[in-house]
Amino acid sequence: MDNHFFEQIFKNPLEQHNIPPNEVISKWAEKLIQVLFPENAAKAFSTVEEVKEQVSTLELELYDIISASCKLRNSECKNAAGQFFAELSSLYRVLNTDILAIYEGDPAAQSRFEVIRTYPGFYAICFYRIAHMLYNFGIPLVPRILTEYAHSKTGIDIHPAASIGEYFHIDHGTGIVIGETSTIGRYVKLYQGVTLGALSVKKTLAGSKRHPTVEDRVVIYSGATILGGETIIGHDSIIGGNVWLTESIPAFSTAYHSPIITIRNHKETN
């Protein structure tokens with residue numbers, strides 16, 4: 001093999017190559033989730049002091065992670081880690097609204113414990129909410145690494161910049177895509193295969209509102225596709241399965257797809 005090839009690899013390292021591996025970053029988030037929800041932890045805490053010590057350790061780990069990647073530097077970067085943990089109780093409160101929405105919205109859910117331990121939707125929401133907080137502090141790359149890790153584990157793709165309200169319920173979840181500039185209100189429920197996407201993926205549209213707005217108490221059933229930054233789904237609406245929407249609908253609407261289905265009984269026709 002040409003030696004020039006190896007020289008290219010050596011002399012052209014990836015930008016910010018000192019960022020910790022994705023596995024280290026995602027493991028940090030999983031440890032944080034285990035603190036917030038010990039139902040996921042292998043070992044329970046014995047005292048309150050143990051909880052505090054673990055939180056302090058995770059704050060230092062976050063500082064180490066973001067020091068290599070964030071636009072901030074030195075003490076300001078550490079301040080970002082401190083600010084994140086200063087809002088940890090708010091994160092915990094919001095995640096508990098998501099648990100409640102899933103538990104009360106799914107007849108198959110037997111307990112809060114079951115939601116925390118088994119629901120891929122809640123797992124993806126946890127990673128999204130952590131990533132969204134980091135995104136709001138101006139930390140680049142790390143939020144996307146977190147949501148893409150959850151994507152790889154659950155099939156649920158939520159961009160960390162998306163804005164999602166409390167009491168968010170993802171049911172089943174596989175194949176859901178929520179784009180960067182999506183806005184989702186409170187008490188919204190999404191089924192598998194839902195896409196909140198853009199009408200165009202031209203690079204010149206970067207930074208513009210490209211994805212839909214979904215207002216409060218909307219239910220979107222499986223396979224529905226809603227596109228466009230000007231598309232608004234009015235509150236208390238229902239979007240049926242396999243619906244394709246590129247325009248706004250008012251509050252209290254029902255949108256549904258009407259395929260023509262013919263059923264023939266071969267036994268009767270013979």
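The largest pocket holds about 380 Å³ of space. The structure is a predicted model, in which local features need pLDDT of at least 70 and side-chain atom pairs count only at pLDDT 80 or more, while totals for chains, interfaces and linings use all residues. Residues are numbered from 1 along each chain as its sequence is written, and side-chain values use heavy atoms, with hydrogens and water left out.

A pocket here is an open set of points on a 1 Å grid over the protein atoms alone, where a 1.4 Å probe fits, with protein on both sides within 12 Å along at least five of seven lines; lining residues have an atom within 4 Å of a point. Grid points are joined across faces, edges and corners, and the volume is the space filled by probe spheres set on the points. The lining of the largest pocket comprises 19 residues, and R144, H159, E180, R210 and H211 lie nearest the centre. Two or more lining residues come from each of α8 (142-154), β4 (177-178) and β7 (195-197); helices (H or I, at least four residues) and strands (E, at least two) are DSSP runs, numbered from the N terminus. By residue class, the lining divides into six nonpolar (Ala, Val, Leu, Ile, Met, Phe, Trp, Tyr, Cys and Pro), seven charged (Asp, Glu, Lys and Arg) and six polar residues (the others, Gly among them).

Turning to charge pairs, the model has nine salt bridges, each defined as a side-chain nitrogen of Lys or Arg within 4 Å of a carboxyl oxygen of Asp or Glu. Two residues from the pocket lining, R210 and E180, form one of these salt bridges, at 2.8 Å from N to O. R210 sits in the loop between β7 and β8 (213-214) and E180 in the loop between β4 and β5 (183-184), so the pair ties together parts 30 residues apart in sequence. R210 is buried, at 16% relative accessibility, whereas E180 is partly exposed, at 27% (buried means under 20% relative accessible area, exposed over 50%, partly exposed in between, with a 1.4 Å probe and protein chains only). Salt bridges that share partners also join R93, E166 and R186 into one network.

K31 and E61 meet in a salt bridge of 2.9 Å, N to O; K31 belongs to helix α2 (residues 22-36) and E61 to helix α3 (residues 48-67), 30 residues apart. K31 is partly exposed at 22%, as is E61 at 24%. The side chains of D98 and R129 meet at 2.7 Å, N to O, linking helix α5 (residues 88-105) with helix α7 (residues 120-136). Both D98 and R129 are buried.
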